[in-house]
Amino acid sequence: MNDGRVPGARVLGVDACRAGWIGVVPPAGPGDGGAARAYFAPRVADLVALADADGEVAVVAVDMPIGLPDGAPGGPPGRGRRLADVRARAELGPRWRSVFMTPVRAALEADDYASAVAVNRRLTGEGVSRQAFGLKEKLLEVERWVREAGRRVVEIHPELSFARLAGAPLPHPKTTWAGAERRRELLAAAGVVLAGGLGRAGAAAGVDDVLDAGAAAWTALRVAAGEARPLPDPPEVFSDGIPCAIWA
């Protein structure tokens with residue numbers, strides 16, 4: 001299987017976990033060992049610094065919205081949705097619920113969930129899921145870091161990456177044994193081998209977190225090779241000036 005690997009290209013896939021952030025770096029080439037390396041840190045900037053200490057990372061792929069919509073009062077419900085979220089849902093079929101609609105910036109800057117719902121409803125005609133609001137601190141942390149990253153950073157969605165790996169959306173969720181094993185097999189066949197305890201990262205992160213970081217690493221390899229494509233193409237740009245797209 002051609003995994004799209006660029007010899008010598010070192011990339012990092014990143015996913016949030018309960019205790020912070022987990023990162024996966026696949027081997028850059030034949031002399032870099034057979035299994036991926038995993039890293040953990042409480043903050044995303046520290047995670048990337050840990051990975052860089054073993055060799056500078058050229059591309060970072062993150063499972064977190066990058067680029068926040070603005071919304072505007074009036075008009076039909078859904079007017080403040082990111083095209084990235086809409087198109088990823090359309091591609092994922094039975095896994096569409098894994099893509100939450102990213103709240104507008106003003107909602108994420110609200111002090112509490114009830115206020116966020118009210119703001120988002122005024123600007124988009126829709127509320128905010130608790131899951132989305134619960135990611136507020138990590139989402140804004142990534143945005144601050146992206147502005148100073150000094151390297152290529154892209155947003156991914158792991159279920160979209162797995163669908164591209166498999167040729168279709170996967171039938172079983174990653175929280176099931178069958179779903180987790182299928183995702184691990186797909187990653188291994190593409191050169192992202194997740195094996196062993198993974199040290200501190202394996203102790204801090206859940207199985208789904210590790211798999212999602214692996215999917216991000218695979219997509220980062222595709223970005224480095226020029227094979228990944230954004231949804232939408234070209235990316236949207238909101239008032240924050242950050243190109244907004246999900247890459248796969």
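1. Aspartate 85 is buried, its relative accessible area being 2%, in what should be read throughout as a predicted model. This aspartate belongs to helix H2, which spans residues 83–92.

2. Two packed helices are described by the angle between their axes and the distance between the axes. For helix H8 (residues 177–189) and helix H10 (residues 207–224), the axes come within 10 Å and cross at roughly 30°. Because angles under 35 degrees count as roughly parallel, H8 is roughly parallel to H10. The crossing in which H8 passes H10 is left-handed. On the H8 side the meeting residues are Ala180, Arg183, Arg184 and Leu187, and on the H10 side they are Val207, Leu211, Gly214, Ala215 and Trp218. Sorted by class, the residues of this contact comprise 6 nonpolar, 1 polar and 2 charged.

3. Helix H10 also packs against H7, here at an angle of about 65° and with the axes 9 Å apart. The crossing of H7 with H10 is again to be described as left-handed. From H7 the contact draws on Pro158, Ser161, Phe162, Arg164 and Leu165, while H10 supplies Leu211, Asp212, Ala215, Trp218 and Thr219. The class count for the contact of H7 with H10 is 6 nonpolar, 2 polar and 2 charged residues. A reader comparing the two lists will find Leu211, Ala215 and Trp218 of H10 in the contact with H8 and in the contact with H7.

4. In soluble globular proteins, nonpolar side chains tend to be buried together. The largest nonpolar core of this model holds 35 residues, and Val24, Phe162, Leu165, Leu187, Val192 and Leu194 are those with the most contacts inside it. Two or more residues of this core come from each of strand S1 (11–17), strand S2 (20–25), strand S4 (59–62), strand S5 (152–156), helix H7 (158–166), H8, H10 and strand S7 (243–247). Helix H10 gives the largest share of this core, 10 residues. There is also a second, separate core of 26 residues, which includes Leu12, Val44, Val142 and Val146.

5. Leucine 194, one of the residues with the most contacts inside the largest core, deserves a separate look. Apart from neighbours within four places in sequence, leucine 194 is in contact with Val24, Ala36, Arg184, Leu187, Val210 and Leu211. Among these partners, Arg184 and Leu187 are residues of H8 that take part in the contact with H10, as does Leu211 on the H10 side.

6. Leucine 231 and proline 232 are joined by a cis peptide bond, with omega at about -5°. Proline 234 likewise lies in strand S6, and a cis peptide bond with omega of about 5° joins aspartate 233 to proline 234.

7. A further backbone point concerns leucine 198, which has a positive phi of about 65° although it is not a glycine. This leucine is placed in the loop between H8 and helix H9 (199–204). Since buried means under 20% relative accessible area, leucine 198, at 19% relative accessibility, counts as buried.

Terms used:
Residues are numbered from 1 along each chain as its sequence is written. This is a predicted model: local features need pLDDT of at least 70, side-chain atom pairs count only at pLDDT 80 or more; totals for chains, interfaces and linings use all residues. Side-chain values use heavy atoms; hydrogens and water are left out. Axes are lines fitted to C-alpha atoms, for helices over the stretch in contact, and angles run from 0 to 180 degrees between N-to-C directions. Helices (H or I, at least four residues) and strands (E, at least two) are DSSP runs, numbered from the N terminus. Angles under 35 degrees count as roughly parallel, over 145 as roughly antiparallel, 65 to 115 as roughly perpendicular and the rest as oblique. A crossing is left-handed if the near helix is turned anticlockwise from the far one by less than a right angle, and right-handed if clockwise. Contact means heavy atoms within 4.5 Å. Ala, Val, Leu, Ile, Met, Phe, Trp, Tyr, Cys and Pro count as nonpolar, Asp, Glu, Lys and Arg as charged, and the others, Gly among them, as polar. A nonpolar core is a set of buried Ala, Val, Leu, Ile, Met, Phe, Trp, Tyr and Cys residues joined through side-chain atoms within 4.5 Å. Buried means under 20% relative accessible area, exposed over 50%, partly exposed in between (1.4 Å probe, protein chains only).
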